[in-house]
Amino acid sequence: MQDNRVLSGMRPTGQLHLGHYHGVLKNWLELQNEYDSYFFVADWHAFTTHYSDKIDLEGNVMEMVVDWLAAGINPNTATIFVQSKVPEHAELHLLLSMTTPLSWLERVPSYKDQQLKLKTKDLGTYGFLGYPLLQSADILMYKASLVPVGEDQVAHIELTREVARRFNHIYGREVDFEEKAEAAIGKMGKKQAKLFRSLRKSYQETGDDEAMVKAQALLQEQQNITLGDRERLAGYIEGVGKIILPEPESLLTKASKMPGLDGQKMSKSYGNTISLRDSAEAIETKIKRMPTDPARIKLTDAGDPNKCPVWQLHQVYSDSQTCEWVVDGCTQAKMGCVECKQPVIEAAQAELAPMQERIAKYQADPELIKQIIHEGSEKAREVAVETMAEVRGSMGITY
Ligand code: TRP
Ligand code: SF4
């Protein structure tokens, strides 16, 4: 397991909006400084629901990567890549499909939900049913410990854990597993080996989770053992066999506080977005048209900020003093909505202006974007090649 690795992906939806920025990208910006981060464009995933639509996939991929970079995702810190440039994802997806029961996929909530939601599309396809498994392959390939996702994706991470567990259970057995594990313990040094044995015993006999965590930490500290031995011993703690694909955990991203222009969740399909590329004038027009508390018909009608989407924007952008000014002015009918909107218009414009400068710079240099994608994908591919060698090896595909 790569203890320090984070992986997350986005479908190539094209230009991003403020909902993406406040909900996802700001979170990635923090993660990239703390973790070995892999962020990728899930371009194959687009076909699972849009296989018959004419979409400008290349344009969408490029625009999205430009927006990531402009938002501050740093290609020297994080690995930015595109799924289809690492075709090993397809091989792992195929191999995992052999051991994944159909019922596990049918049970994933998004399978039925999306079919109901996207009624005009025929989602009775093999690819759509299997898309959470493709996602499992995306994650397991990098042995990531953490996957930052929104609420709607947690079930997919849960599936990924089950898929990994089953794979390890079936293919993690080596003929001489026990001897190899014992030999690896022998390399740890007497004191450490003794501690490892007692922690393992305690976990196996009493199910003591703390002992498990300590034993795993002990393994991470070992300098003298190979990665293969470390994975073998991780499996040996539980006594099952070698862990080839470690189970990831989801890192739940808090729901974005950024509302759409109508107060619903900001989403392209609702037509309520402020794009990262909207001009200062467009931002002003959009916010000026936002609905407010319907009770405020005349300036003298008092309002309630809690019934107003503009107030939610103040929560994102305004300091406490400005927020007090809003509450007072609204509930006491001291100011009009136009005036109230002015600080959020300015804040959104100020937030996007530097990003748009960077967007313009990157857009003027598509070769640079292609190079960033190429280099990131090559780096990701090195990891993928290594994982696939282990996966094939464990399945006996070694000839
Ligand atoms: N399914 C995710 C979504 O629709 C995108 C995705 C694909 C992903 N593969 C992933 C997210 C792996 C996290 C990890 O948003
Ligand atoms: Fe909304 Fe501000 Fe108008 Fe109150 S004064 S209804 S918070 S826009």
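Start with Asp67 and Arg277: they form a salt bridge, the closest N and O atoms being 2.8 Å apart (a side-chain nitrogen of Lys or Arg within 4 Å of a carboxyl oxygen of Asp or Glu). Asp67 lies in helix α3 and Arg277 in the loop between β5 (249-252) and α14 (280-288), so the pair ties together parts 210 residues apart in sequence. Asp67 is buried at 0% relative accessibility, and Arg277 counts as buried at 18% (buried is under 20% relative accessible area, exposed over 50%, partly exposed in between; 1.4 Å probe, protein chains only).

This is a predicted model: local features need pLDDT of at least 70, side-chain atom pairs count only at pLDDT 80 or more, and totals for chains, interfaces and linings use all residues. Residues are numbered from 1 along each chain as its sequence is written, chains are lettered from A and ligands numbered from 1 in the order written, and side-chain values use heavy atoms, without hydrogens and water.

Next, select Arg107 and Glu162. Their salt bridge has its closest N and O atoms 3.5 Å apart. Arg107 lies in helix α5 (residues 102-107) and Glu162 in helix α9 (residues 154-171), so this pair ties together parts 55 residues apart in sequence. Arg107 is exposed at 54%; Glu162 is partly exposed at 23%. Now pick Lys143, Glu231 and Glu390, which salt bridges with shared partners join into one network.

Finish at ligand 2. Show Thr292, Asp293, Arg296, Cys308, Val310, Val326, Cys330, Cys337 and Cys340 around it (a heavy atom within 4 Å). Helices α16 (320-331) and α17 (337-363) each supply at least two residues of this shell.

How values were computed
Helices (H or I, at least four residues) and strands (E, at least two) are DSSP runs, numbered from the N terminus.
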